[in-house]
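I am opening a notebook on a structure that I have not looked at before. The entries below follow the order in which I looked things up.

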Amino acid sequence: MILLAAMMMAGQLAGSSTKSQPTPALTVQQKQELSSYNFKGAAAQLQAQADKPATKPDPLAPVPLLKVPPLATRTQAGQPSPASIPADKGSEVPPNWKPPHAELNPAAVGAVNASRLWETGVAMPTPGADGRVVYIFGQGMPVMVCAPLRVCAIELETGEHLESQPQIGDGRRWEITPVLSGSGLEETPLLIVKPIESGLETDLIVPTDRRTYIVRLISDPTRFVSRLAFQYPGEDRTKWAAFEARQDAQKRDAEELAAQAREQDKRAGVVPLADNALDNLYFDYKLSGDAAYRPQQVFDDGQHTYLIYPNDGRFRELPTLLMMVNGKSELVNFRVDGTRYIVDRLFDKAILVVGVGKKQTRVTITRSTPYSGSTGKRS
């Protein structure tokens, strides 16, 4: 094969008429090698290799790794400088390479600025109970500072539940572990934060069933915050609204129960009294006249006067009530509730009248202790 290649080079050199240099002559050794070379056997081997069918590549065979030669600096003549060729370290960043950069339109710039204002806004922590450092939720981005070889805890609201796994920007050098404190209604979720090394900064997103937390994480060589918690002003307003709603519901229930009680009293014949009726009840009334029309009982509660009749259906015609004032009779407004006359005032003397003329029937009602005018006080 070497002799064949040499002959082909010799032929090319001999056949080239454009070369200005003369063709070098073969040496005696080269002539002897050419005279003894088996040209027919070499041609037969080449033909056999050409006729041999090509083998298909195995699709399951592993793909060999791509080896990129290192870039070498070139001299002014365009040839690589041997001294500048480094050892083979794999693919390297080409010289003058710059990362891709997307241009931001005004809307994107405004969004970035608005987010930066929130991230850098005033979110002043305050000391809380049990070593907590308390942030007001939503007022700027809270910051958790932790140190290597330390564990720091982010405490969420009691009764809150994680919706999915917390997401962190640098999951390789930070460890985030969820744990629970308490049980039942007092169960509180905690996130245990541990940095692998100092000088790190990233952010953490925590989705829950009530809100989404975004916390900035910073690792410091020695300084750290043991326990970070939150205050929820929105929850306070919600709790007050729920408290007021419960009060309104209790008030409505009480009014409904009172209305049902009044309806039951009405069906049972119980006389409705004023709020302070027990302190001002007065029963000393004298009755005279036709016994058939006399009330079974007369009393007042300091504001109303009640005339109680038995439920025996005695009335075919309701008596008219007249109040005596300075010897003269005056009509008195009253309402009838079943078998009760309810008069919205007090009187010293009144007359129940049924019929007219000679067939008129009267019943006189006299209060034993008169009232003094309009003051409503006993004299």
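**Entry 1: the whole chain**

I began with the surface. The chain exposes about 27,400 Å², and carbon and sulfur atoms supply 55% of that area. I noted at once that this is a predicted model, so I treat every value here as computed from it.

Next I looked up how much of the chain is covered. Of its 379 residues, 22% count as buried. For secondary structure I found six helices and 19 strands. I also looked at how far along the sequence the contacts reach. Taking contacts between residues at least 6 apart in sequence, 57% join residues at least 24 apart.

**Entry 2: the disulfide**

How many disulfides does the structure hold? I found one. Cys146 and Cys152 form it, with their sulfur atoms 2.2 Å apart. I then looked up its handedness. The torsion about the S-S bond of Cys146 and Cys152 is about 90°, so the disulfide is right-handed.

Are the two cysteines buried or exposed? Cys146 has a relative accessible area of 0%, so I list Cys146 as buried. Cys152 has a relative accessibility of 1% and therefore counts as buried too.

I then turned to β7 itself, residues 188-195. This strand is mostly covered, as six of its eight residues are buried.

Strand β6, residues 174-181, also pairs with β7; the sense is antiparallel and there are eight bridges. Here I noted Ile176, which stands opposite Val193 of β7. What do β6 and β7 form? They form a hairpin, with six residues between the two strands. In the turn I found Gly182, which has a positive phi of about 85°.

I reminded myself of the background before reading the next sheet. Strands of a sheet pair through backbone hydrogen bonds, and they do so either parallel or antiparallel.

In which order do the five strands of the open sheet lie? I read the order as β11-β19-β18-β14-β15, with antiparallel pairing. The edge strands are β11 (285-289) and β15 (328-331), each of which pairs on one side only. From one strand to the next, the twist averages 30°.

Strand β11 is joined by five bridges to β19, residues 361-367, and the two run antiparallel. Among the residues there, Ser288 has Thr364 in β19 as its bridge partner.

**Entry 3: Met324**

My last stop was a residue of β14, the strand that spans residues 320-325: Met324. With a relative accessible area of 25%, Met324 is partly exposed.

Which residues does Met324 touch, leaving aside those up to four places away in sequence? I listed Ser329, Lys349, Ala350 and Ile351. I also checked the distance from Met324 to Phe347. Their C-alpha atoms are separated by 8.1 Å, and the two residues are 23 apart along the chain.

Note on methods:
Residues numbered from 1 in each chain as written. Predicted model: local features only at pLDDT ≥ 70, side-chain atom pairs only at ≥ 80, totals over all residues. Heavy atoms only, no water. Disulfide = S-S within 2.5 Å. Buried < 20%, exposed > 50% of the residue type's maximum accessible area, 1.4 Å probe, protein only. Helix = DSSP H or I, 4+ residues; strand = E, 2+ residues; numbered from the N terminus. Contact = heavy atoms within 4.5 Å. Areas by Shrake-Rupley, 256 points an atom, 1.4 Å probe, with all protein chains shown as cover. Pairing = 2+ DSSP bridges. Axes fitted to C-alpha atoms, helices over the stretch in contact; angles between N-to-C directions.
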